[in-house]
Amino acid sequence: MATRLKILKVSKTSLVLLTISVLVISFLFWKFYTKGEGQKRDFAEIKKSGVIRIATEYNSVGYFVSGDSIKGFEYELALLLGKRFGIKVEVIPQMNFEESMKGLNEKSIDIVARPITITTQLRNQYRFTQPILLNKQVLVQRKPDFGKTSVFIRNQIELAKKTLYVHKNSPVLLRIRNLSNEIGDTIYTKEDEKYGDEQLIAMVSGGEIDYAVCDESIARQLQSKYPGLDFDTDISFTQLQAWMVRKESKVLLDSLNVWLKELKKSEEYNTIHKKYFGTGKK
């Protein structure tokens, strides 16, 4: 009788343990499944949420405040995108490119709308829209007769042993590394975590740093503001620049590309491009 009770007791214990195990496994499976579903944010999920979040850089071309209005090339395109998709647009200015990438990864951002040079390294992590702009990177330096002296550079070979400032995780870092190999000497770089192209330009003008690298489109826009600066030494060739989305946002990417293809054929796009770059569509 005692033996029977003991067996019965063991059986009940085993049953309880088995039940608990099944419940734990079911809970973990449910949590994993719902977490994956909750994290998905492609075009359908964005439309359902009622808002699309777009990160851009605060500068004198893409997004800036003028009087009591917000203007900018990327900003105006973002508004047209919202109108086309029938969805509210939230434009988030971010100076730090790394912060924008983090936002994409964490799904707090849906599109990074700033002039991003398409590189193999970034392609491995994200998806790019069709090219929106043609641009290149240029050296920012003081003219020989302006303020604090530094070696004036016109030939890329003269960049050897110089320190170039760029914003944190700038795609131009890869180009500078390649340029260093091409000239057969070291070009030092300093990544600034806080400032973008426009602030780095101001730092060169103020003599805080000697050299920076920025997009030519921004440099040309600021040329009249900083007459003592030179922007005529190329760092890169003309490159394709586009917007960036998460790798899994395939439907969003397709929708953006269809819209961009149509938009770039319109007179509306031509007018916007001319307003910020001085020329019609490219």
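This is a predicted model: local features need pLDDT of at least 70, side-chain atom pairs count only at pLDDT 80 or more; totals for chains, interfaces and linings use all residues.

Residues are numbered from 1 along each chain as its sequence is written, and side-chain values use heavy atoms, with hydrogens and water left out.

The secondary structure of the chain comprises ten helices and 13 strands, where helices (H or I, at least four residues) and strands (E, at least two) are DSSP runs numbered from the N terminus. Of its 282 residues, 45% count as buried, a term that means under 20% relative accessible area, with exposed meaning over 50% and partly exposed in between (1.4 Å probe, protein chains only). Among contacts (heavy atoms within 4.5 Å) with a separation of 6 or more, 74% join residues 24 or more positions apart.

Strand β8, which spans residues 137-142, is mostly covered, with six of its six residues buried. It pairs in the antiparallel sense with strand β11 (residues 212-215) over four bridges, and also with strand β12 (residues 229-234), again antiparallel and over four bridges; two strands are said to pair if DSSP finds at least two bridges between them. On the β11 side, Gln137 stands opposite Asp215, whereas Arg142 has Leu229 of β12 as its bridge partner.

Within β8 lies Val138, which counts as buried because its relative accessibility is 0%. Leaving aside neighbours within four places in sequence, Val138 is in contact with Ala212, Val213, Cys214, Glu216, Ala219, Phe231, Thr233, Asp234 and Ile235. Between Val138 and Ser217 there are 79 residues of sequence separation, but a C-alpha to C-alpha distance of 9.5 Å.

Ser217 also belongs to the lining of the largest cavity, together with Asn59, Val61, Gly62, Glu74, Pro115, Leu133, Ile218 and Phe277. A cavity is a set of points, on a 1 Å grid over the protein atoms alone, where a 1.4 Å probe fits but cannot get out, and lining residues have an atom within 4 Å of a point. The count comes to one cavity of 30 Å³ or more, and the largest cavity holds about 40 Å³ of space, a volume being the space filled by probe spheres set on the points, which are joined across faces, edges and corners.

Technical notes
On a 1 Å grid over the protein atoms alone, a cavity is a set of points where a 1.4 Å probe fits but cannot get out, and a pocket is an open set with protein on both sides within 12 Å along at least five of seven lines; lining residues have an atom within 4 Å of a point.
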